[in-house]
Structures are given as C-alpha cells and as structure tokens.
Amino acid sequence: GLFEKVRKAADEGSQSDAALVYAITGDKALGERLRRDIVNNARYWGERARAADVKSRPEELAWGEWGRFAWAYDLAWELLSDEERKAVENDLRAVCKHIIEGDKIWTTTPNLVFGKHHNVGLVGYAIGDPELIDWALNDPGSFGPSKGGFYAVLDSMIQDGHFWAEAPIYALHYDVHGMLALAEAARRYDGTDLYSYVSRKTGASIKSIIDGYIRMA
C-alpha cells in the first residue's frame, strides 16, 4: 500500500518519488521521463541562478527542495550521459552558490537558514563538491552561529542538550530530517559520522534532539 502511494505521487509528477519507483522497479519508460525531467529542470534552475542578481534578490532560489532533487539525481545517475551529468551538476552548483552568496546578504529564522544548509549539503554529497559540503557542515554563519552549518547549530541552538531554541515545530518540520539526511549522505560519501557527533558546548547530538521530541511527546 505504501509503495502504491509512492507510485501515485510519481505519476502525478513528483521527481523524487519517480526516482524511487525507478530504483525499485527499473521501469524503462519512467526512467526516460525521469532523465528528461532532471536534465530540463536542472537547466531551468541553473539558468535562473546565473541570471539572478544576488544583491537585489538574495533569496531567489533559497527555498527549493534541492536535497530531494539531488537525491533523485543520485538514484537516476545511470540514466544520464556523461555530458548530461556534467550539465546537471554545473546547474546544481550554480543554484547552491547563489544560495550561499545570498545567505551572506539576507537572513531569516535559524530553522529556515539551516534548511538552506542541509539542502546545499545534500547537493554537495550527490555531486561530490567539497565546497558545498564544507559550507553545510562548517559555515560559522554570516549572521552568527545560530544561522550556520551543522556544527555551529549544534553548538548554539540546542538548550538543555535536547531542545531547539525556537518553537518546537520549527526544527521538527524543517531541520531534523535534514540532519538525518546529511548524516546518512556523509556516512556513505566518506565515512564521516554525524550521527555520533556530540557538541562540546551544548552536549547536543542528532540523537539528543530526537530524544527531546520524544520527551515532549
């Protein structure tokens, strides 16, 4: 039943769900549609990123689901030619660099800013870009550590070892799944173990944050 829901979402146009269905079934027709969609969508967003004026529109591309896009690309990688892969990766890199530069100019709440970081990080892991990975993990935050990368956030945003320092729904909705996705990608990419990392300043870890939500429940 769950798989049928995923298939239905794929049929309705969800690229990441289509990638999952393809990975499970090897459906050639779906795979061809997926390949075409990834290439065309990446080209569209890459062109927008290169044309956008980051100074006047710093959040132009900040809220796309780039991590899901990267995940779909990773699952569909075998479908693309070398030339298509190079184009897609250049387009995704352009999007992420726009997000990074925009984050230096304009900011918002910590939970949303970390959303930018984990999405950029997932793209970095999918295309093997050390600069994007480094920003996601080690960015000290242009507007302070509460608006930085993974390590800065664990050092500054977790109270009593468990609790995200905003309304409880904020991190649960935007960030916890992003931390888990980053940890899984990091482990598979080069063995970095974000799951086990514990902040020396706050005692926070991915596990302690999840434990905090369990305590609330």
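By class, 14 nonpolar, eight polar and six charged residues form the lining of the largest pocket. In this grouping, Ala, Val, Leu, Ile, Met, Phe, Trp, Tyr, Cys and Pro count as nonpolar, Asp, Glu, Lys and Arg as charged, and the others, Gly among them, as polar. This is a predicted model, in which local features need pLDDT of at least 70, side-chain atom pairs count only at pLDDT 80 or more, and totals for chains, interfaces and linings use all residues. Residues are numbered from 1 along each chain as its sequence is written, and side-chain values use heavy atoms, with hydrogens and water left out.

**The largest pocket**

- The largest pocket has a volume of about 830 Å³.
- Among the 28 residues that line the largest pocket, Gly67, Arg68, Trp71, Leu122 and Ala181 are the closest to its centre.
- Two or more lining residues come from each of helix H4 (66-76), helix H6 (110-127), helix H9 (168-174) and helix H10 (176-190).
- A pocket is an open set of points on a 1 Å grid over the protein atoms alone, where a 1.4 Å probe fits, with protein on both sides within 12 Å along at least five of seven lines; lining residues have an atom within 4 Å of a point.

**H4 with H6**

- H4 and H6 pack at an angle of about 15 degrees, and their axes are 7 Å apart.
- That makes H4 roughly parallel to H6 (angles under 35 degrees count as roughly parallel, over 145 as roughly antiparallel, 65 to 115 as roughly perpendicular and the rest as oblique).
- Trp66, Gly67, Ala70 and Tyr73 of H4 make the contact with Asn119, Leu122, Val123, Ala126 and Ile127 of H6, where contact means heavy atoms within 4.5 Å.
- This contact of H4 with H6 has seven nonpolar, two polar and no charged residues.

**H4 with H5**

- The angle between H4 and H5 is about 165 degrees, with their axes 12 Å apart.
- H4 and H5 are therefore roughly antiparallel to each other.
- From H4, Trp66, Phe69 and Tyr73 meet Arg85, Val88, Glu89, Leu92, Val95 and Ile99 in H5.
- The contact of H4 with H5 divides into seven nonpolar, no polar and two charged residues.

**H3 with H5**

- Helix H3 (residues 28-51) packs with helix H5 (residues 82-103) at an angle of about 40 degrees, and their axes are 8 Å apart.
- H3 and H5 are therefore oblique to each other.
- On the H3 side the contact includes Arg35, Ile38 and Trp45, and on the H5 side it includes Glu84, Val88 and His98.
- By class, the contact of H3 with H5 has eight nonpolar, three polar and five charged residues.

Key:
Axes are lines fitted to C-alpha atoms, for helices over the stretch in contact, and angles run from 0 to 180 degrees between N-to-C directions. Helices (H or I, at least four residues) and strands (E, at least two) are DSSP runs, numbered from the N terminus. Grid points are joined across faces, edges and corners, and a volume is the space filled by probe spheres set on the points.
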